[in-house]
Number of protein chains: 2
Amino acid sequence: MGPTETERCIESLLAVFQRYAGKEGDSKTLSKKEFKTFMDTELGSFTKNQKDPGVVDRMMKKLDMNNDGQLDFSEFLNLIGGLAQACHEHMASAPAPPKRH
Amino acid sequence: MGPTETERCIESLLAVFQRYAGKEGDSKTLSKKEFKTFMDTELGSFTKNQKDPGVVDRMMKKLDMNNDGQLDFSEFLNLIGGLAQACHEHMASAPAPPKRH
């Protein structure tokens, strides 16, 4: 029996973080450059819709809780959680689709 | 171009939560019963390995930050984040695999 959807999701979080954190410098953290590449590649639909080019820098500052200029895995998880929460609230506030008769 | 791995992961978090939260009562929260079904089904490999049958109840109490006997989406995300963090730390502490010559 293969991994469940939840297990696959946790595996993805680990794999995606490792893929971008391993590009340069400390392979256990995302540098500013690695975070930008992650945002442009993995969340391009979100990033490209932002009118303000400084949004990714501000996100990095907000996520970088210990101000070391890097994002570790738990700071990265806060981003994923924040995005999922925003999607959840958006879906909850969206009007229910018309019932098909 | 289909969803990226990160987008698929966020979609999965939303879909899995909805699938179990929608089984009974308030469809926006996980009741104790729904949380137990989620743990047994989605994280069975974790749950079945626990010697103490009370572990799921204790997890629920710990996750239920506002003590309303339910887990909302943000409390659910804390579970996923905690499990991912535990896996990340386990992988970081595991000895590097021997280099194949």
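This is a predicted model: local features need pLDDT of at least 70, side-chain atom pairs count only at pLDDT 80 or more; totals for chains, interfaces and linings use all residues.

Student: Which residues of chain B do ring pairs link into a cluster?
Tutor: The structure holds 11 aromatic pairs over all chains. In chain B, ring pairs join several residues into a cluster. The members of that cluster are Phe17(B), Tyr20(B), Phe35(B), Phe38(B), Phe73(B) and Phe76(B).

Student: Is the pair of Phe35(B) and Phe38(B) stacked or edge-to-face?
Tutor: A pair of aromatic rings is described by the distance of the centres and the angle of the planes. Planes under 30 degrees apart count as stacked and those over 60 as edge-to-face. For Phe35(B) and Phe38(B), the centres are 6.5 Å apart and the planes stand at 25°, so the pair is stacked.

Student: By how much of a helix are Phe35(B) and Phe38(B) separated, and are they buried or exposed?
Tutor: Buried means under 20% relative accessible area, and Phe35(B) has 1% while Phe38(B) has 0%, so both count as buried. The two residues lie 3 residues apart in helix H2 (residues 32-42) of chain B, and the separation is therefore about one helical turn.

Student: Is the pair of Tyr20(A) and Phe38(A) stacked or edge-to-face?
Tutor: In chain A, Tyr20(A) belongs to helix H1 (residues 5-21) and Phe38(A) to helix H2 (residues 32-42), 18 residues apart, so that this pair links distant parts of the chain. Tyr20(A) is buried at 5% relative accessibility, and Phe38(A) is buried at 1%. The ring centres are 5.5 Å apart and the planes are at 80°, so the pair is edge-to-face.

Student: How much area is buried between chain A and chain B?
Tutor: The size of an interface is often given as the accessible area lost when the parts come together. Here 31 residues of chain A are in contact with 31 residues of chain B. Carbon and sulfur atoms give 68% of the area buried between the two chains, and that area is about 2600 Å².

Student: Which helix gives the most residues to the side of chain A that touches chain B?
Tutor: There are 10 residue pairs in polar contact between chain A and chain B. On the side of chain A that touches chain B, H1, H2 and helix H5 (73-93) each supply at least two residues. With 13 residues, the helix that gives the most to that side is H1(A).

Student: Which residue of chain B meets Glu5(A) in a salt bridge?
Tutor: The rule finds 2 salt bridges across the interface of chain A and chain B. In one of them, at 2.7 Å from N to O, the side chain of Glu5(A) meets that of Arg19(B).

Student: With which side chain does the side chain of Thr29(A) make a polar contact?
Tutor: Thr29(A) lies in the loop between H1 and H2 of chain A, and with a relative accessible area of 10% this residue is buried. Leaving aside neighbours within four places in sequence, Thr29(A) is in contact with several residues, among them Phe17(A), Glu34(A) and Leu71(A). The polar contact, at 2.7 Å, is with the side chain of Gln70(A).

Methods: Residues are numbered from 1 along each chain as its sequence is written. Chains are lettered from A and ligands numbered from 1 in the order in which they are written. Side-chain values use heavy atoms; hydrogens and water are left out. Rings of Phe, Tyr and Trp (its six-membered ring) pair if their centres lie within 6.5 Å; planes under 30 degrees apart count as stacked, over 60 as edge-to-face and the rest as tilted. Helices (H or I, at least four residues) and strands (E, at least two) are DSSP runs, numbered from the N terminus. Buried means under 20% relative accessible area, exposed over 50%, partly exposed in between (1.4 Å probe, protein chains only). Contact means heavy atoms within 4.5 Å. Buried area is the accessible area (1.4 Å probe) that two parts lose on being put together, summed over both. A salt bridge is a side-chain nitrogen of Lys or Arg within 4 Å of a carboxyl oxygen of Asp or Glu. A polar contact is a pair of N or O atoms within 3.5 Å; within protein, one must be able to donate a hydrogen and the other to accept it, and residues adjacent in sequence count only if both atoms are side-chain atoms.
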